Amino acid sequence: MDTKILIVDDSKSDRTIIEKLLNEYEVLTAENGVEALDIISKNEIDILILDINMPKMDGFEVLRHLKDTNRYKRLRTLILTNYNEIDNEIKGLQLGAVDYIRKPVNMYSLKARIQTHLELLKIQQLFEQKSHQEFLTVQTILKQAPLGIAFASRNVPLAIDSKDETIHMNAILEKITGYDKAKLLSLGWQSIIHPDDLEKDLKLFKELENSESTSYETESRFIKPDKTEVWINLIIAKLNLNNSYKYNYIYLMQDISKRKAAESLLQESEQSKAVLLDNLPGMMYRCKNDKEWTMLYVSNGCYELTGYNASFLLNNHILSYNDLIKPEYRDLIWESWQMAINDHTKFLEEYEIMMPNGTYKWVWEQGQAIYDQNGQVKWLEGLIIDIDQRKTNEILIKHASEHDSLTDILNLRSLENTIITQQQEGKIKQASMVMIYIRRYSHLVTSYGYKVGNQLILEVANILKELNDDKHMLYHPFNDRFIFLVHGYHKPATVESFVQKIVRELDNRVKQRTIGFSIGIIEIDHNKKNDVVTLLRQAAIASDHFNVHHNISYSFYDKKIAEHNTREKLITESLENYLVDERSADFFLVYQPIIEIKTNKIIGFEALARFRHQHLGNIMPNEFIPVTESSLLILPYGKKIIEKAFAFSKKIEKAGHKDVIIALNVSAIQLLNDNFIKDLISLIKHNKVSPKNINIEVTESIFSDSYQEINRKLDEIHKLGIQVSIDDFGTGYSSLAREEELNVNILKIDRHFVSKLSSSDPKKNLISDIISMAHKLGHQVIAEGVENKEQLDYLRQHDCDMYQGFYFSKALLEEDALKLLNHKR
């Protein structure tokens with residue numbers, strides 16, 4: 001016959017839960033006491049699970065009715081209580097309930113108790129049968145029952161007399177405790193119960209002994225022979241049998257060690273979860289899906305994250321979470337959440353919240369919706385963490401990637417992105433790029449160091465920042481170059497007017513005068529796709545096309561400049577090709593005689609380089625020499641010039657002229673090269689020329705930069721026995737005050753001063769003063785560009801030492817120069 005269990009509870013959900021847990025039995029349900037008594041009267045109920053608090057008739061009234069009715073004495077009643085209803089539990093047990101179950105119901109505990117009480121029922125039924133049948137059946141139960149079972153006629157289970165033959169136990173009990181019957185009887189159970197549990201068990205048994213209860217259940221630890229502990233669920237109950245039965249007490253034991261271990265792990269897990277929630281770097285939450293984000297739960301991290309206690313936000317007590325969100329993000333967050341809910345995806349957003357002091361903090365939120373069985377949103381759960389430092393770092397990194405570290409002006413990357421973005425969005429209608437190039441900046445740094453260089457850059461940057469606005473966007477793409485993107489104008493003259501304003505500001509306010517500025521302007525064609533690299537190159541070309549006679553100048557990139565740049569490229573390519581294959585072009589030297597005025601004899605020649613292009617023809621030195629300098633080709637070509645000049649010097653010597661000087665022009669780039677002097681010495685030795693027949697000419701302007709280093713190099717050259725001349729004296733660096741310090745032998749007066757002798761009052765000319773000063777310092781003087789007798793007479797009159805110019809001879813090829821030398825000498 002199937003076991004029948006009646007569940008009486010006014011909570012439908014609780015009835016349903018318990019019914020599902022006991023689905024292996026025949027389960028009946030009632031929602032109040034009246035209905036329960038009616039079902040009991042019509043059915044043979046084995047176990048009654050009875051809630052105490054019910055309408056119409058509560059559980060106590062049901063117990064009283066059952067106690068007063070003899071036919072229900074075999075019915076075993078388990079009452080449902082809450083953890084704070086100890087008095088109800090005691091009262092229920094006094095009214096006949098055999099056990100109680102506390103809410104919320106533990107599935108494992110409930111099943112174990114039902115199983116236990118069903119076993120008790122079976123045992124009780126068996127004990128009421130005839131003695132022989134009873135004995136056989138009990139033996140079967142003892143062997144087959146999955147519980148440890150013992151019977152006793154006396155109520156002293158914790159201090160068993162070894163002579164008490166009325167103790168009877170099964171093998172399962174011995175297995176659970178680890179002791180056989182004899183050992184248990186000799187030790188007494190008091191010896192194997194854990195000391196921490198003994199007092200509790202003794203108290204419960206005393207209550208049973210005094211008839212304060214008919215049974216009790218406890219969970220205690222027993223100590224096994226190997227000193228390990230085993231958790232046991234122990235039920236001790238009086239058996240309501242006829243006086244003829246010798247067993248009055250039954251003891252049921254179940255090994256619950258695994259369950260206790262699981263509960264311990266669960267408890268640890270819950271504790272870990274609580275610790276985790278409290279120590280997460282942010283706030284865990286559960287909230288409603290409403291526009292206020294009404295908080296139903298927030299973790300302890302709320303205060304650290306928001307600056308408000310959790311109680312402020314719960315149920316919008318003081319303010320809602322939506323109040324904290326920066327207004328500009330509120331609609332975005334709502335829309336993102338609703339999209340995530342509809343798509344059943346996670347919500348992920350970064351946004352700002354307002355702190356109590358009015359400042360804003362960046363946070364990152366991840367959450368998801370919790371749905372009911374109908375797919376409706378129950379609530380939202382997630383985590384919000386503080387990312388303010390990370391976001392600040394990201395902003396700083398982004399700023400650093402887009403701005404120059406020294407001037408804090410938008411850099412090349414920003415310029416490129418701006419132009420590309422404007423092109424894609426079609427915003428470039430009328431725009432120009434204005435590039436400001438700081439001339440001679442590298443020389444300034446070489447002479448005075450990066451600190452002075454950086455001070456200049458900052459000075460220029462601060463001036464240009466004042467001109468920066470929405471229509472004139474300033475960039476600092478390269479160390480010595482600034483760029484304005486000018487747009488939104490209607491006439492090109494507007495751009496020129498802005499450039500003139502830049503010129504005025506720089507000219508009036510920049511204190512450093514050893515540098516200059518060159519401004520290149522290119523109009524951006526909005527009708528075609530503009531390559532940023534090309535625009536920068538063209539602007540650079542325009543900025544490099546400056547007027548050497550002006551400290552600040554500007555040029556528009558036009559057809560003429562483009563052609564000049566193309567020509568410069570051809571010259572550069574040809575110069576490079578010549579170094580590989582000398583048949584590709586013609587590079588040679590010509591020699592202009594240097595005449596001693598007193599004797600009218602040729603005392604030397606100035607070697608001048610010439611270059612003939614296959615297609616462009618003869619290219620003047622003032623065109624190809626700057627190209628070699630800008631491309632650093634001056635180093636290999638400078639070496640070639642020295643080799644050719646030394647070879648010519650050797651020819652002169654072989655022709656019987658041993659004291660003829662060859663003058664060589666050397667640039668600052670060559671002079672500052674680490675290998676120059678070493679290479680010079682090597683070439684002198686290789687060609688076996690006399691150092692006293694060599695004259696190194698340097699332009700006056702090279703002393704404006706790296707003065708100390710250049711003067712040191714000249715001293716080394718001077719010590720080799722080589723003469724040093726300052727070329728074009730009077731046109732560049734104002735060296736009169738320092739001329740005495742320079743390691744030079746000769747001053748060459750620039751042709752500019754000589755040419756004025758024919759057109760101005762000779763008395764006002766400075767040449768006589770320069771000659772006088774040079775002689776006082778022990779230097780000789782050469783006048784350049786002498787074209788007539790009048791000029792030569794003036795020079796002779798004022799004791800000029802030497803001259804050169806068309807009046808005597810133009811620059812000649814080697815053969816012609818040698819013939820002239822033989823003839824004149």
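## Charges over rings

The charged end of Lys260 sits over the ring of Trp231, 4.4 Å from its centre. A charge is taken to sit over a ring if NZ of Lys or CZ of Arg is within 6 Å of the ring centre and within 35 degrees of the ring normal. Lys91 likewise places its charged end over the ring of Phe60, at 4.3 Å from the centre.

## Basis of the values

This is a predicted model, in which local features need pLDDT of at least 70 and side-chain atom pairs count only at pLDDT 80 or more, while totals for chains, interfaces and linings use all residues. Residues are numbered from 1 along each chain as its sequence is written, and side-chain values use heavy atoms, with hydrogens and water left out.

## Aromatic pairs

The structure holds 15 aromatic pairs. Rings of Phe, Tyr and Trp (its six-membered ring) pair if their centres lie within 6.5 Å; planes under 30 degrees apart count as stacked, over 60 as edge-to-face and the rest as tilted. The pair of Trp293 and Trp334 is tilted, because the ring centres are 5.4 Å apart and the planes stand at 50 degrees. This pair links distant parts of the chain, 41 residues apart: Trp293 belongs to the loop between β11 (282–287) and β12 (295–298), and Trp334 to helix α14 (residues 327–343). Helices (H or I, at least four residues) and strands (E, at least two) are DSSP runs, numbered from the N terminus.

Trp293 is buried at 4% relative accessibility, whereas Trp334 is partly exposed at 22%. Buried means under 20% relative accessible area, exposed over 50%, and partly exposed in between (1.4 Å probe, protein chains only). Elsewhere, ring pairs link Tyr578, Phe587, Phe611, Phe624 and Tyr637 into a cluster.

## The parallel sheet

An open sheet of 5 strands has the order β2-β1-β3-β4-β5, with parallel pairing. Two strands pair if DSSP finds at least two bridges between them. At the edges, β2 (26–30) and β5 (99–102) each pair on one side only. Neighbouring strands are turned by 20 degrees against each other on average, direction ignored.

Strand β3 is largely enclosed by the rest of the structure, because 5 of its 5 residues are buried. Ile47, Ile49 and Asp51 point one way from β3, and Leu48 and Leu50 the other way. Parallel to β3 run β1, joined to it by 4 bridges, and β4, joined by 5 bridges. Ile5 stands opposite Ile47, and Asp51 has Leu80 in β4 as its bridge partner. Leu80 also stands opposite Ile101 in β5.

Helix α1 (residues 12–21) lies across β1 (4–8), β2, β3 (47–51) and β4, running at about 170 degrees to β2. Axes are lines fitted to C-alpha atoms, for helices over the stretch in contact, and angles run from 0 to 180 degrees between N-to-C directions.

## Two buried polar residues

His779, in the loop between α28 (767–776) and β28 (780–783), is buried with a relative accessible area of 9%. A polar atom of its side chain lies 3.3 Å from the backbone oxygen of Val744. The C-alpha atoms of His779 and Asn745 are separated by 5.1 Å, although these residues are 34 apart along the chain.

Glu784 lies in the loop between β28 and α29 (789–797) and is buried at 7% relative accessibility. The side chains of Glu784 and Lys748 make a polar contact (3.5 Å). A polar contact is a pair of N or O atoms within 3.5 Å; within protein, one must be able to donate a hydrogen and the other to accept it, and residues adjacent in sequence count only if both atoms are side-chain atoms.

Terms used
Contact = heavy atoms within 4.5 Å.
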